[in-house]
Amino acid sequence: MRRALRIVAIAAAVLAAAAAIDCASNRATGAGPWRIEQSRAPRVTIHQGTVRVKDARRFTWRTDGDFDPAWFDAVYELARLDRMAFYLVPLNASGSLAHVFVSFGFGPETWLAVSVEARRRPGEDYRLVGAFRHRYELIYVIGDERDIVGKRAWAEKAPVYCYPVKVTPAALRRFFLATMNRAEEIARYPENYGVLSNTCATNVALNAQEAGSAVKINLDVLLSGTMDRLAYTKGVFDTELPFADAKAAARVDLRLPELGDVWPQGFAETVHRPLTR
């Protein structure tokens, strides 16, 4: 028995060492080439009450492989920041795993979305094994909300849920600045995507912590598919509906085809509806 345990311990040590070597050989550098939609890491400059974003994304999506690429530079005044939305996109049939991202509103029609993603090479798809082995780098995609939502809802035909967030102006400002500072940090000092440590969900949670939230990294965050239920139970969402009704009202991908494939007008009004019966 003792010999068998020793063999198991040695095997575990060898596997751990191999994983460490594999991860070390894949340290993030920021060097491309990258998939075109992830080819530009946005840069953020904050001065007093002004936030400047360079290389925000504004693609028009028809399918996952058929799109019109475009980027833009923009200036956002913190004084106009007045609302926020939380998005959840299920990644499997059970809904246990999901991609989550946030969007910030500057008045009723101007929204800036931030999606934290595994940055991939041309022709490379996301694989869980690759994520465990640190094959991917991290990227903060900042962009026009019609792009970030459209890629999931229109190009990938995925269900998309949008929840209005109930937050004080001071907390909203802190969270936005934490998110923007983190985006710039990643652009300057690249990091690896880590499936249990550096994901879309953990970044949202950690940015919320930086802004003063008491949210903790738990199983809901790590799996991310039930992160909306967690936020609902904490009173984060602006709704009085039971959770099942709120989730049904939050689904937005089914509303979007009426706007056409490019959604030039009416996007914000269609997506950002109150969660009421």
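Author: A salt bridge here is a side-chain nitrogen of Lys or Arg within 4 Å of a carboxyl oxygen of Asp or Glu. Keep in mind that this is a predicted model.

Reader: Okay, what makes Arg57 and Asp147 a salt bridge?

Author: Their side chains come to 2.8 Å, N to O, and the cut-off is 4 Å, so the pair qualifies. Arg57 sits in strand β2 and Asp147 in helix α3, so the contact ties together parts that are 90 residues apart in sequence. Both residues are buried, too.

Reader: And why is Asp55 called buried?

Author: Asp55 has 16% relative accessibility, and buried means under 20%, so Asp55 counts as buried. Asp55 also forms a salt bridge with Arg40, with the closest N and O atoms 3.1 Å apart. Since Asp55 lies in strand β2 and Arg40 in the loop between α1 and β1, the pair ties together parts that are 15 residues apart in sequence.

Reader: How do you know which class Glu191 and Arg182 belong to?

Author: Same cut-offs. Glu191, at 23% relative accessibility, counts as partly exposed, while Arg182, at 14%, is buried. These two form a salt bridge as well, their closest N and O atoms being 2.9 Å apart. Elsewhere, salt bridges that share partners join Asp64, Glu117, Lys151, Arg152 and Glu156 into one network. The whole structure has 19 salt bridges.

Reader: Now the inside. Which residues touch the most other members of the largest nonpolar core?

Author: Phe86, Phe104 and Phe176, out of 52 residues in that core. Its largest share, six residues, comes from helix α4.

Reader: What does Phe176 touch, leaving out residues up to four places away in sequence?

Author: Val51, Leu78, Leu81, Phe104, Phe106 and Leu112. There's also a second, separate core of 19 residues, including Trp111 and Val271.

Reader: Last one: what makes up the lining of the largest pocket, by class?

Author: It has 16 nonpolar, five polar and eight charged residues. Leu91, His99, Tyr126, Arg152 and Tyr193 lie nearest the centre of this pocket, whose volume is about 770 Å³. The second largest pocket holds about 650 Å³, and its lining has 18 nonpolar, four polar and four charged residues.

Methods
Residues numbered from 1 in each chain as written. Predicted model: local features only at pLDDT ≥ 70, side-chain atom pairs only at ≥ 80, totals over all residues. Heavy atoms only, no water. Core = buried A, V, L, I, M, F, W, Y, C linked by side-chain atoms within 4.5 Å. Buried < 20%, exposed > 50% of the residue type's maximum accessible area, 1.4 Å probe, protein only. Helix = DSSP H or I, 4+ residues; strand = E, 2+ residues; numbered from the N terminus. Contact = heavy atoms within 4.5 Å. 1 Å grid on protein atoms, 1.4 Å probe; cavity = no way out; pocket = protein on both sides within 12 Å on 5 of 7 lines; lining within 4 Å. Points joined across faces, edges and corners; volume = space filled by probe spheres on them. Nonpolar A, V, L, I, M, F, W, Y, C, P; charged D, E, K, R; others polar.
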